[in-house]
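Me: I am new to this structure. Please show me how to read a few of its features.

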Amino acid sequence: VAAPSRVRGTLEYRTWRTCKTSEVLKTSEVSGAAFLPPCGEGLPSDLINDLLVARDGTVYAATITGLAASRDRGRTWQYLRGRNWEAKARGLYKPPSKEQLDAARATAKDRTLLAEDYVTCLAEDAEGNLWIGYREKGFDVFDPRTGNRLVSGDPAADKKPPPDPKAPTRDYTTRLLAHGGRMVAATYGAGVGQVSNLPEGPARGAGSQPAHPSLGPEKPRARAVGRLETCPTLPVPAARVFASDVRDLAERLSKLPPDRRRQPLVIALPDDWRTQGDWLGRYGRYFACLCAICSPRDYIWGAGDRPVEYHARIGPHCTPNDSIRYWVHWLYTDDRRSLEMPPTYFHSRVVKGLTKGDKPRRQAE
């Protein structure tokens with residue numbers, strides 16, 4: 001069993017002797033680099049979104065900088081990045097030189113790159129095909145034996161514009177699950193859908209060695225999978241609560257058996273692109289930290305009786321003695337992707353004539 005990490009690229013392998021005991025076989029730490037060519041050796045990023053141990057023993061790691069694979073239980077790794085690797089390289093704090101980019105392009109010659117760098121999830125179907133989910137490009141299906149892309153779930157592949165040009169991507173694939181001979185894809189915005197129209201691939205011969213997705217030349221354009229269900233509507237605001245509702249809820253809670261388990265004080269919420277910046281009334285009833293909204297400071301909001309300690313820091317892929325940057329992109333906006341300002345703070349901005357009531361949001365990062 002390999003456990004993913006969102007802090008450091010640490011992979012821990014365990015084997016269960018009985019139902020109650022376990023033995024740690026190996027713990028290794030693998031770190032990425034600041035600039036990476038589109039394919040090569042090692043783990044491409046310290047942030048791992050998902051891990052998959054295929055039936056042939058290959059360990060796949062889904063990272064924010066591509067896909068990595070290991071056939072020797074994590075001792076060595078090969079990685080493959082997405083087609084947007086060059087645009088991301090040019091946007092680095094210290095971008096690579098022309099010579100470095102030319103050499104990187106040469107390594108990607110005749111390689112089938114991923115649809116994008118940000119890999120969210122992985123799955124293996126009954127035929128041994130590798131399904132790769134993305135944050136913006138839907139999903140891909142690779143044949144690990146040849147390294148060829150069989151199917152593309154990229155919404156751009158069908159050349160159809162999204163119904164709402166202002167809406168965020170509808171194909172953020174969060175989970176992939178093989179079920180009943182079909183693959184179930186869970187997404188943000190497009191709900192849950194089943195995909196079953198995979199082309200038939202070559203039969204696996206006895207003793208055939210599965211290949212890493214970066215191996216093999218690009219085959220003819222893969223077929224695109226149709227889009228999933230329509231985007232659900234945004235959640236409605238919280239309804240008004242009356243005293244009778246509170247009494248009824250308290251009575252029902254009193255009848256529940258006590259939970260002896262220790263509950264977490266902080267729960268991490270994944271990306272929620274449906275609510276976008278509409279957090280008031282949904283999150284932060286006890287505490288909220290609006291990062292950089294009062295650059296160069298955060299804005300602390302909440303009604304808790306005890307302060308919540310938090311610490312922000314940058315990762316290892318930065319120049320020495322660097323620090324976090326606090327930046328306000330839009331001071332006042334009505335773009336729903338931007339966070340709502342807390343009511344008290346927003347009211348003070350309106351009173352001072354700095355904004356109007358129809359622009360209650362601020363884009364900060």
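Reply: Start with strand pairing. Two strands pair if DSSP finds at least two bridges between them. Keep in mind that this is a predicted model.

Me: How many bridges join S19 to strand S20?

Reply: Two bridges join them, and the strands run antiparallel. S20 covers residues 361-364. Within this pairing, Leu 339 stands opposite Arg 362 in S20.

Me: What is the order of the strands in the open sheet?

Reply: The order is S18-S20-S19, three strands with antiparallel pairing. S18 and S19 (339-340) stand at the edges. Each has a single partner strand, so one side of each lacks a neighbour in the sheet.

Me: Now the aromatic rings. How is a pair of aromatic rings described?

Reply: By the distance of the centres and the angle of the planes. Here there are four aromatic pairs. Take Phe 287 and Tyr 310: the ring centres are 6.3 Å apart and the planes stand at 50°. Planes under 30 degrees apart count as stacked and over 60 as edge-to-face, so this pair, at 50°, is tilted.

Me: Where in the chain do Phe 287 and Tyr 310 sit?

Reply: Both sit in loops. Phe 287 is between helix H3 (243-254) and strand S16 (288-294). Tyr 310 is between strand S17 (297-301) and strand S18 (328-333). The two residues are 23 residues apart, and the pair links distant parts of the chain.

Me: What are the relative accessibilities of Phe 287 and Tyr 310?

Reply: Phe 287 has a relative accessible area of 24%. Tyr 310 has 42%. Buried means under 20% and exposed means over 50%, so Phe 287 counts as partly exposed, and so does Tyr 310.

Me: Give me another pair. How far apart are the ring centres of Tyr 299 and Tyr 345?

Reply: They are 5.2 Å apart. The planes are at 55°, so this pair is tilted too. Tyr 299 lies in strand S17, and Tyr 345 in helix H4 (residues 343-351). The pair therefore ties together parts 46 residues apart in sequence.

Me: Are Tyr 299 and Tyr 345 buried or exposed?

Reply: Both are buried.

Me: Last, the core. Where do nonpolar side chains tend to be in soluble globular proteins?

Reply: They tend to be buried together. In this model, the largest nonpolar core has 22 residues. Among the members that touch the most others are Tyr 60, Leu 67, Val 119 and Tyr 134. Strand S9 (130-134) is one of the elements that supply at least two residues. S9 gives the largest share, three residues.

Me: Which residues are in contact with Val 119, leaving aside its neighbours within four places in sequence?

Reply: They include Asn 49, Ala 62, Leu 67, Leu 114, Ile 132 and Tyr 134.

Definitions and conventions: Residues numbered from 1 in each chain as written. Predicted model: local features only at pLDDT ≥ 70, side-chain atom pairs only at ≥ 80, totals over all residues. Heavy atoms only, no water. Phe/Tyr/Trp six-rings, centres within 6.5 Å; stacked < 30°, edge-to-face > 60°. Helix = DSSP H or I, 4+ residues; strand = E, 2+ residues; numbered from the N terminus. Buried < 20%, exposed > 50% of the residue type's maximum accessible area, 1.4 Å probe, protein only. Core = buried A, V, L, I, M, F, W, Y, C linked by side-chain atoms within 4.5 Å. Contact = heavy atoms within 4.5 Å.
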